[in-house]
Amino acid sequence: MKFMKIAAAAATSIALLAGSAQAEDKPVVGLIMKSLANEFFQNMLEGAKEHEKKRGDYELRAVGMQNETDFESQINAVENFITQGVDAIVIAPADSRAMVRPLKRAMEAGIVVINFDVSLDAEAKKQQGVELAFVGPDNRGGAKLAGDALGELLGAGSKVVIIEGNPGADNANERRLGFEASVKDYKLDLVDSRTAHWETEEANTVFSNILTAHPDIQGVMAANDSMAIGVVKALESAGRKDITVVGFDNIPAVGPMIKDGRMLATVDQFGQDMAANSIDLALDVIAGGPQLEGWVKTPIELVTNK
């Protein structure tokens, strides 16, 4: 009887060790997002967690920033993942230039790096000798869709403003260029263009100041929905219902605003799937698949109440 108990205990230990070994065999993916105060990245995180549970063949370690200008935390996250020896880093960089050097160190450490959502700066990559594909949407084209919707509604000569994202982020620059293309094509009058660093409260303050200086504006192009919400709040505080707002991201919070007319349109870039799909691509490379090259485009779609 005693021998049987010892044998059973030994078998249990072996089973636990085997289970531990299997867990260790799973590739580890470090996901680095931007501000988790932004509903877009909250949804992205939930999508990534569901993806990990559904696949079951990798371990997810996910981190985000405190706010949209907390660049240092992304650099620290990369360094921590290098120390931990993760198999892949999947990152939406907050600053397209500052993140190139730390990601180069990760690649030199043999870690698969997938750049998604916000493209790293081409010149910075060239200077560092880094070749890295971009997985993400056509930010300029998406902003043009929203800007065109506003231009069609307002018509030539209408006064508009742009609320920009982080100046150091490639997607902020691309979305501004997309909006500016709509301004040109529809002969709109761009009276101001300022950054609110992707943040709702900052956008509220920035736009309130613009509205005071230019009370006759007719339209606002916000580079993300968090800032569009800040603009809508400012309009509500000012009692203005005659100014049309477009955004970008299609976060759930703007659905009711589009439905009741507080916003005209936004652009869906399917953020909940973006990290999950990028993780799939990373796991393919880890499994021996080819390295990604160029621009792996992800879908966009204009969302209106029509």
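## Strands β5 and β11

Strand β5, which spans residues 134-136, pairs with β11 in the parallel sense, and three bridges join the two. The model described here is predicted. Within this pairing, F134 is found opposite W295 of β11.

## The six-stranded sheet

The two strands belong to an open sheet of six strands with parallel pairing, arranged in the order β2-β1-β3-β4-β5-β11. The edges are formed by β2 (59-65) and β11 (295-297); each has a single partner strand, so one side of each has no neighbour in the sheet. From one strand to the next, the twist averages 20°.

## Aromatic pairs

A pair of aromatic rings is described by the distance of the centres and the angle of the planes. The model has two aromatic pairs. F40 and F41 form an edge-to-face pair, with 5.0 Å from centre to centre and 90° between the planes. F40 counts as buried because its relative accessibility is 4%, under the 20% limit. F41 is likewise buried, with a relative accessible area of 2%.

## Charges over rings

W295 also takes part in a contact with a charged residue: the charged end of K297 sits over the ring of W295, at 4.5 Å from its centre. Elsewhere, R175 lies over the face of F248, and its distance from the ring centre is 3.8 Å.

## Strands β10 and β12

Strand β10 (residues 265-268) pairs with strand β12 (residues 301-304) in the antiparallel sense, over four bridges. In this pairing, A265 is located opposite T304 of β12.

In a regular strand the side chains alternate between the two faces of the sheet. In β10, A265 and V267 point one way, while T266 and D268 point the other way. All four of these residues are buried.

Terms used
Residues numbered from 1 in each chain as written. Predicted model: local features only at pLDDT ≥ 70, side-chain atom pairs only at ≥ 80, totals over all residues. Heavy atoms only, no water. Pairing = 2+ DSSP bridges. Axes fitted to C-alpha atoms, helices over the stretch in contact; angles between N-to-C directions. Phe/Tyr/Trp six-rings, centres within 6.5 Å; stacked < 30°, edge-to-face > 60°. Buried < 20%, exposed > 50% of the residue type's maximum accessible area, 1.4 Å probe, protein only. Lys NZ or Arg CZ within 6 Å of the ring centre and 35° of its normal.
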